[in-house]
Amino acid sequence: MRKKMDKLKQILILPGDGIGPEVCDEARKVLIHVNEVYNLGIIHKEAAVGGIAYDTFGKPLPDETLEAARDSDAILLGAVGGPAWDNLDYQLRPERALLGLRAELDLFANLRPAILSKHLSDSSSLRAEKVQDLDLLIVRELTGGIYFGEPRGRSEDDQSAFNTMVYNRNEIERIGRVAFEAAQKRNKTLCSVDKANVLEVSVLWRDVITNISKDYPEVELSHMLVDNAAMQLVRDPKQFDVMVTGNLFGDILSDIAAMLTGSIGMLPSASLNSNNQGMYEPVHGSAPDIAGQGLANPIAAILSLAMMLKYSFNENKASASIEHAVETVLSEGYRTNDLEGNDDKKLSTSQMGSKIIERLN
Ligand code: NAD
């Protein structure tokens, strides 16, 4: 990615497929607005990714897009994929673009907040009192572990298959530090999740995380086995503030946490490298079932922009103002189609974006 040689911050928007372009349109509207109001000095441009890029350039992550990504300070991605591309070879599938961007930009730290707006506590799969004011952050290692470990493959006789779970000290240490830093800025508690009763990798994980904790004396560290963590997340999620874990466990736990908040259309995420440069995207996919109908909830994309302003640009005021505007709109009862509420306050994708901008003023 681009070195910060000048003051202008460059954002690359990758709308992608399905509802990706619809939700990115709204995030862009909000970006243009806050850029002006807070004088952020941000410029943005767009490139193709996913299925649409395959259709135009023959691959889901075209060279020009990768070049533009490297050249930007932060990326906002909509979503990729859809039935039109489901039968392509693995290497050509739209989802490969995400893995390619993560690997090329070394986006090893995935931050997934699970925040339940107090105005939406009835949307959760748990009883309202269990999740009221839920605000937790899962920090997942994204570029290592069993998804990338070698060797992987099939035995010669095709009777077995194997993957390798491997982490080195350096990989654990860098994700650990991201988590401790985040915990330090929040409630100063960190739960590290592993499977140290069975896996050697987890024993090392636990050692390294415990070691780093000496540098963060204010943060209270605990360790939990992943099976217990999954259970505790649905039993009493508010016991957690920041959780840190490896790639595989984080994949599963962050989806459990997402469901606690009711709607997938509300959840942002960030994937950062060691310079805090990163890719920001809604947790949801391209939702082909509702694409092109103005039914998509743009809040996850808009909150992804808010995360970008906070984590990549340190523009905390502008970021908080977006989060506040979203809360205000929800408190007034406005909803998109995926959220329960009164019919007379149902808004389309672009109406929701515009309403949030109105409340930013
Ligand atoms: P999905 O998240 O696209 O949709 C799941 C359900 O949630 C659907 O009913 C959809 O209508 C609804 N939904 C999702 N986002 C919404 C929003 N913003 N507002 C309102 N409703 C919303 O997951 P899926 O159906 O499993 O996957 C569809 C496609 O997306 C697949 O091709 C998949 O590979 C891809 N995908 C991409 C990403 C990504 O780009 N990061 C992530 C997950 C899935």
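**Ligand site and domain interface**

In the predicted model, a nitrogen atom of the ligand lies 3.3 Å from an N or O atom in the side chain of His 284. The side chain of Asp 289 places an N or O atom 2.9 Å from a ligand oxygen, and a polar backbone atom of Asn 297 is 2.8 Å from a ligand nitrogen. Of the ligand's own accessible area of 810 Å², the protein covers 68% (Shrake-Rupley method, 1.4 Å probe).

The chain is assigned domain 1 (1–109 + 267–361) and domain 2 (135–260), the bounds coming from an automatic or database assignment. Their C-alpha centres are 26 Å apart. Eight residues of domain 1 contact nine of domain 2 (heavy atoms within 4.5 Å). About 860 Å² is buried between the domains, 70% of it from carbon and sulfur atoms (accessible area lost on being put together, 1.4 Å probe, summed over both parts). In domain 1, Arg 102, Phe 108 and Ala 109 lose the most area to domain 2, together 53% of what that side buries.

One salt bridge is counted between the domains (side-chain nitrogen of Lys or Arg within 4 Å of a carboxyl oxygen of Asp or Glu). Arg 174 forms a salt bridge with Asp 106, with the closest N and O atoms 3.1 Å apart.

Residues are numbered from 1 along each chain as its sequence is written. In this predicted model, local features need pLDDT of at least 70, side-chain atom pairs count only at pLDDT 80 or more, and totals for chains, interfaces and linings use all residues, while side-chain values use heavy atoms, with hydrogens and water left out.

How values were computed: Polar contact = N/O pair within 3.5 Å; in protein donor to acceptor, adjacent residues only side chain to side chain. Buried area = accessible area lost by both parts, 1.4 Å probe.
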